[in-house]
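Load the model in your viewer and keep the selection panel open. The stops below can be followed in order.

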Amino acid sequence: MICLAFESTAHTFGCGIVSDEKNKCRILANTKKSYIKEDSVGIHPREAADFHYANAINVLDNALEKANLKIEEIDLISYSIGPGLGNCLKVGAVMARTLSLLHNKPLVGVNHCIAHIEIGKKLTKARDPITCYASGANTQIIGLEKKRYRIFGETLDIGIGNFLDVFGREINLGFPAGPKMDEMYFTGKELITLPYTVKGMDLAFSGLLTAGKKMIGKEKQSDLVFSLMHNAFAMLTEVTERALAHTGKKEVLLTGGVASSNALREMMKEMCKQRKAKFFVPERSVCVDNAAMISWLGILMYKSGIATKISESRILPKQRTDQIEVIWK
Ligand code: MG
């Protein structure tokens, strides 16, 4: 089966084409365009949606060309239902509905966070991991229990990627600041005392951000970046470790845009080594927001009997990971 999908939860408009031939996840195309530029100061939802509408056809055409397929050869259409920015989500949903109606193809709406987990599991061969999903808007520690992806811990305020980008902008690194900060992390020497906020299993980053901003110019920049990232990543690693201890699971899957960070990878890997757990990170193209993962989850859901009627094909900007019953294998 071949599924074509759209991803438009935030700054990226993507089109993915995936086949499950021989039970493998074969990514035939994974094209995208991002609204955000190096000097962007965040996402303006309506402008991002306008950008997506302007580029949607082009991104779709590029995907079909890359996969060397005609739309008639596609078996299934899927799209991100949520969570995400409503204005942006609508664009993917409109594209998916239109193609489904025009070409008489079944439609499946999928949860963006679960799509990250499922493609990560498939491509790394992780079986039953605790997932640390760390991205711009999302920060969740998730594990499958009784047919739901349960959220064991999550951010109470901003996503960890947003935390990094906002601080990076304050010290003029532009967007995305993560990769540059990651390099600076390894040159820092002094650990500065900063807030470390873990509440039960949940995390908060805005206090750390405010404290860090106040120290700009007063501390050596490399030490400040090192200390901020050290605390934020240690918080994530601590909660991930406790989720492992609580569930008895023996694998960690790290995904989301912040999974690109070598500093975070090192810390998680070390924790896993100490706990004798296996550590997995998928390739970068499926860690960041992408539509291949939406295609893959579309296939899994459709094959287990799930389809979305056009009349019920809404977007759900606030849909949570644990609202979906996991009935697929
Ligand atoms: Mg994401």
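Which residue of strand 5 is the bridge partner of isoleucine 77? Select leucine 107, the partner of isoleucine 77 in that strand. Note before going on that the model is predicted.

**Stop 1**

Then extend the selection to residues 2-7, which make up strand 1. Strand 1 and strand 4 run parallel and are joined by four bridges.

Next, select residues 76-82 to show strand 4, which pairs with strand 5 in the parallel sense over five bridges. Tyrosine 79 is a further place to look: its bridge partner in strand 5 is glycine 109. To follow the chain between these two strands, show residues 86-103, which are helix 2. The path goes from strand 4 through helix 2 to strand 5, and this β-α-β crossover is right-handed.

Seven of the seven residues of strand 4 are buried, so strand 4 is largely enclosed by the rest of the structure. Strand 5, residues 107-111, is also largely enclosed, because five of its five residues are buried. Both of its faces are covered: Leu107, Gly109 and Asn111 are buried on one side, and Val108 and Val110 are buried on the other.

**Stop 1**

**Stop 2: glutamine 140**

Go to strand 7, residues 139-145, and pick out glutamine 140. Is glutamine 140 buried or exposed? With a relative accessible area of 7%, glutamine 140 is buried, since the cut-off for that class is under 20%.

The side chain of glutamine 140 makes a polar contact with the side chain of threonine 321, at 2.8 Å. Beyond residues up to four places away in sequence, glutamine 140 touches Cys113, Thr131, Cys132, Tyr133, Ile151, Gly153, Glu154 and Thr321.

For a distance check, select the C-alpha atoms of glutamine 140 and isoleucine 171. These atoms are 27 Å apart, while the residues are separated by 31 residues along the chain.

**Stop 3: threonine 240**

Show helix 7, residues 221-247, and centre on threonine 240. Threonine 240 counts as buried, at 0% relative accessibility. Its side chain reaches the backbone oxygen of leucine 236 at 2.7 Å.

Which residues does threonine 240 contact, leaving aside neighbours within four places in sequence? They are Ile130, Cys132, Ile141, Val252, Met268 and Met271.

**Stop 4: aromatic rings**

Colour Phe, Tyr and Trp, then look for ring pairs. The count comes to five aromatic pairs. Begin with phenylalanine 6 and phenylalanine 13: the ring centres are 5.8 Å apart and the planes are at 35°, so the pair is tilted. Both phenylalanine 6 and phenylalanine 13 are buried.

Move on to tyrosine 35 and phenylalanine 51, an edge-to-face pair with 6.1 Å centre to centre and 65° between the planes. Tyrosine 35 lies in the loop between strand 3 (26-34) and helix 1 (45-67), and phenylalanine 51 lies in helix 1, so this pair ties together parts 16 residues apart in sequence. Tyrosine 35 and phenylalanine 51 are both buried.

Finish by selecting Tyr185, Phe186 and Phe226, which form one aromatic cluster.

How values were computed
Residues numbered from 1 in each chain as written. Predicted model: local features only at pLDDT ≥ 70, side-chain atom pairs only at ≥ 80, totals over all residues. Heavy atoms only, no water. Buried < 20%, exposed > 50% of the residue type's maximum accessible area, 1.4 Å probe, protein only. Pairing = 2+ DSSP bridges. Right-handed = clockwise from strand over helix to strand, strands pointing away. Polar contact = N/O pair within 3.5 Å; in protein donor to acceptor, adjacent residues only side chain to side chain. Contact = heavy atoms within 4.5 Å. Phe/Tyr/Trp six-rings, centres within 6.5 Å; stacked < 30°, edge-to-face > 60°.
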